[in-house]
Amino acid sequence: MAAGGTDMGPEGPGTGEDSGGLRAALAGLTTRGRSFLAAGVAAAVCSYVLGQADLLRVGLLLAALPLVCVAVVYRTRYRVAGSRRLAPARVPAGSEARVHLRMDNVSRLPTGLLMLQDRVPYVLGPRPRFVLDRVEPGGRREVSYRVRSDLRGRYPLGPLQLRLSDPFGMCELTRAFSAYDTLTVVPRVEPLPPVRLSGEAAGYGDGRHRSLALAGEDDVIPRGYRIGDDLRRVHWRSTARYGELMVRREEQPQRAHCTVLLDTRRTAHYGSGPDSAFEWAVSGAASAAVHLLERGYAVRLLTDSGSSVPGPDGGGGFTGSTHDSAETAGLMLDTLAVVDHSDGGGLSPAFEVLRGGGEGLLVAFLGDLDEEQAATAARMRHRTTAAVAFVLDGAAWSRGAEFGGTRELEERLRQLREAGWTALPVGPGASLAQLWRQADTQGATRADAGGPTIGGMTGSWA
């Protein structure tokens, strides 16, 4: 949830300060006000030419009415405050968010008729406008509207604009609040099924959860007492054994690591828009990262350019504990909301990051691969415990047809599989959940056939 608000202050209509001067107020004349003023001037000129005194009185009345309205609007004395709240502030692509607007009259006088307008990007829908009736002193009005986008991104909402008008519609003054908020549209996350794939080392997945349940959160590894230690952690048995005060030391079981690799090379993907190959890869990376974080993995997001999220640190860019998984998932989704094509020509930067500490499971979403990039991806396998690749069929995506399986793609898949990858082709409209299950089936088949397994043993990586 996000919120923002401000008093109209000296920029607001009728706060007692100079809000742009009389010239700005005259510029606020509406078409009706300008027409009355022009008609009054024309009548005054005609009365002089024709010598008709009565026509002069009519002209003065017509010209005076809009000018009086300008003075009334300009001299109005009241203050209003506005706020905005997003529910929620982060939504998946294709989902709706509701924006709540609240106006408070913080002056001692009632307001006149107000028109409220919020600025929103065109991709989120039409610009919302609301007409507010008289607001009593200390009163408030609340309105809301919905926004929706099929495109990822971060979209600013605001500033909120307030338009003050006189009862005759002769003059309007528009002022803007200073606060604005940001709506983040993240990739769609597809629920993935729990599966068992060959190729995971001991301590991963369900096996890791079982060992955690047996060992507990705190393994009893005593150490000497230090000033400031909690006396409730004193381990009396070890104290009696060693003859000095001993305390229990917290030792958390090591978490399973996973790297989600997203290929963002512009030359590797065809088309654009919500149904393009690149958007499918971004959504797939988001789904895999969130799924593995929910299963207790320490996950990092890596792109072909070598940049990683959460970022390089002492843990190799992986999350540090199970308590920050939700925060890490939000950080990754925020990053994927604005990720765009890179101008890089290869996967070498990502390979260098993996070579510096990419141990664990690797899930890659790759675009078109030439022979050189396929060889680089094959070498990544030796830096991981297990590796699964979803390779997008560029030819099929460019035609908008079902997967056909070109000879070049089959050669790249064979090259990855011989290096130990579980590699699957991806065509237009493919379901990641089905491919997730197929990866399990392919890994089991390779193990039964005596081929190169992923990691050398069977375990759960659901």
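Analyst: Arginine 412 forms a salt bridge with glutamate 408, and their closest N and O atoms are 3.7 Å apart. A salt bridge here is a side-chain nitrogen of Lys or Arg within 4 Å of a carboxyl oxygen of Asp or Glu. This is a predicted model, in which local features need pLDDT of at least 70 and side-chain atom pairs count only at pLDDT 80 or more, while totals for chains, interfaces and linings use all residues. Residues are numbered from 1 along each chain as its sequence is written, and side-chain values use heavy atoms, with hydrogens and water left out.

Both arginine 412 and glutamate 408 lie in helix α11, 4 residues apart, or about one turn of the helix. Helices (H or I, at least four residues) and strands (E, at least two) are DSSP runs, numbered from the N terminus. Arginine 412 is buried, with a relative accessible area of 12%, whereas glutamate 408 is partly exposed, at 47%. Buried means under 20% relative accessible area, exposed over 50%, and partly exposed in between (1.4 Å probe, protein chains only).

Helix α11 (residues 407–418) packs with helix α9 (residues 371–380) at an angle of about 20°, and their axes are 9 Å apart. Axes are lines fitted to C-alpha atoms, for helices over the stretch in contact, and angles run from 0 to 180 degrees between N-to-C directions. The two helices, α9 and α11, are therefore roughly parallel to each other, a label for angles under 35 degrees; over 145 is roughly antiparallel, 65 to 115 roughly perpendicular and the rest oblique.

The structure holds 16 salt bridges. In one of them, the side chains of arginine 90 and aspartate 334 meet at 2.9 Å, N to O. Arginine 90 lies in strand β3 (residues 90–92) and aspartate 334 in helix α7 (residues 325–338), so the pair ties together parts that are 244 residues apart in sequence. Arginine 90 is partly exposed, with a relative accessible area of 38%, and aspartate 334 is also partly exposed, at 22%.

Glutamate 279 and arginine 152 meet in another salt bridge, at 2.7 Å, N to O. Because glutamate 279 lies in helix α6 (residues 277–294) and arginine 152 in the loop between β7 (140–148) and β8 (153–157), this pair ties together parts that are 127 residues apart in sequence. Arginine 152 counts as buried, at 15% relative accessibility.
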